[in-house]
Amino acid sequence: MKKDSDFSTFLLRNFMLLTLFSIAWSPGLINQYKTQAVAQSKIDKPPSKITEHSIFTVIEIEDLEYPKLEVDIQLPYRVNPKNTVVLVAKHAYATTEKHLHVIDVSKPYLPSYQTSLAFQDEIGKVVAYENRLIVAGDKEFHIIDISDPTEPVIQSTMKLPNKNGIKDMDVQNEYLYVLGEDNFSLYIFSLEFNQPRFVKSNKLSKRWWLLCPDVTSPKVQQIQFPSGRNRYSSLHIPLLAQRRFLQLHPSAHGIIRSSDEFLVSTDFSSKANDLPIKREMLRKHIGGLSVIDACWIDEVRKSIRIGPTAIYNVKRKYRGNFFDEGKKTLKRHKPKISHAIVNGKMQQIGYNPLIETVEINNKTYEGQITDYQISGNLIYIVSEKGFFSIFHFFSIEEMGPGKLGKVLSTIPLQASQPISIAVGKHHAYVLARTPIKEK
């Protein structure tokens, strides 16, 4: 009986194997296996076209006349023009297309990549308020808890009223100011609590130029685009009271930066493009940056002086022999220490210094100003063709013959396109985009 049972089991197993074999080689399943193989090859095959990654660069600025590229970290993520980098205590936070990155800069000469926080949709600007970050998306903004800087957590996500899109945002005191994509809607949120609370919205005028928040309330003073003889008169009260302007601008190409004492803006046509080299064109187009200041001249008569105290532009920067020779040469260096992020870990790349001669002429210049920051009487500037400059300016009270501002230094960055800059005590941190070709 046992032999008959074993023989029956043997026949049953063979029958099942033959059945599975015939099914597996049926035409339908053959096509399915081919489809799976093709799909897998598409996933595994690296792209042959040019893609992008982002690069985080540390620049030593202790010697203002000789800044040095200290170190860089290559992040395997793309960036968009809205992405920014912000400095909070000992950490830098940078956004790329769909990620927020945390980099420990307690030792700026040896920055340490910590982690990345992923988002479902594309993100842009990041601003800081106490132990929180606000990250803007196209249709919503996210509140990020950074109580533990190495483990950022999405605390909440909010949309604007009427589902308006987000163009820009800024934080002052305990309020978040969000500019709608229609360019004329300003939404104000209170950050006093963990969950932002919508306070009010303002309809902006068609010719608004600057927005100055009240110190104690969410009221906003709208300042019109300057014109006429007393074009800056509306700025004297906020400047003398050391009230900062919101870093929002009605134009996509304009950039506003404000400190307790100064207002710095791209030129009044809202463009920071390079200027043509022809002398007659230089008279018509100022370009670059304008520094606006105010002061009391005579306290008895209440006389006020207000207006531009310095201008940063191509005409002033490359005047003299440059206009006769038509070009200027600089050396483009690469930091001696470079890192890349592989599988979420920072790895040092082999020492491969790059030294390249860069010519600036009437067709190239430095490109459009992509970002800048104020620190005291200094402006740190990055431009789209990979240049970093430090500009020193004077206040109106200090102005005099020959005191119109001075470019202390200009250095080319590595072959990258800087889009945002944050400035610390002795170091600047630049987020840039660099095209690379996959093999």
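**A serine, a valine and a sheet**

Modeller: The side chains of Ser-389 and Thr-410 make a polar contact at 2.9 Å (N or O atoms within 3.5 Å; within protein, one must be able to donate a hydrogen and the other to accept it, and residues adjacent in sequence count only if both atoms are side-chain atoms). This is a predicted model: local features need pLDDT of at least 70, side-chain atom pairs count only at pLDDT 80 or more, and totals for chains, interfaces and linings use all residues. Residues are numbered from 1 along each chain as its sequence is written, and side-chain values use heavy atoms, with hydrogens and water left out.

Biologist: Is Ser-389 buried or exposed?

Modeller: Ser-389 counts as buried because its relative accessibility is 1% (buried is under 20%, 1.4 Å probe, protein chains only).

Biologist: Which strand is Ser-389 found in?

Modeller: Strand β27, residues 387-392 (strands are DSSP runs of E, at least two residues, numbered from the N terminus).

Biologist: New topic. Where does Val-79 lie?

Modeller: Val-79 is in the loop between β2 (68-75) and β3 (85-88). Val-79 is buried too, at 4% relative accessibility.

Biologist: What does Val-79 touch beyond four places in sequence?

Modeller: Its contacts (heavy atoms within 4.5 Å) include Glu-52, Ser-54, Thr-95 and Leu-431.

Biologist: How many bridges join β7 and β8?

Modeller: 5, in the antiparallel sense. Ile-123 stands opposite Gly-137 in β8.

Key
Pairing = 2+ DSSP bridges. Helix = DSSP H or I, 4+ residues; strand = E, 2+ residues; numbered from the N terminus. Buried < 20%, exposed > 50% of the residue type's maximum accessible area, 1.4 Å probe, protein only.
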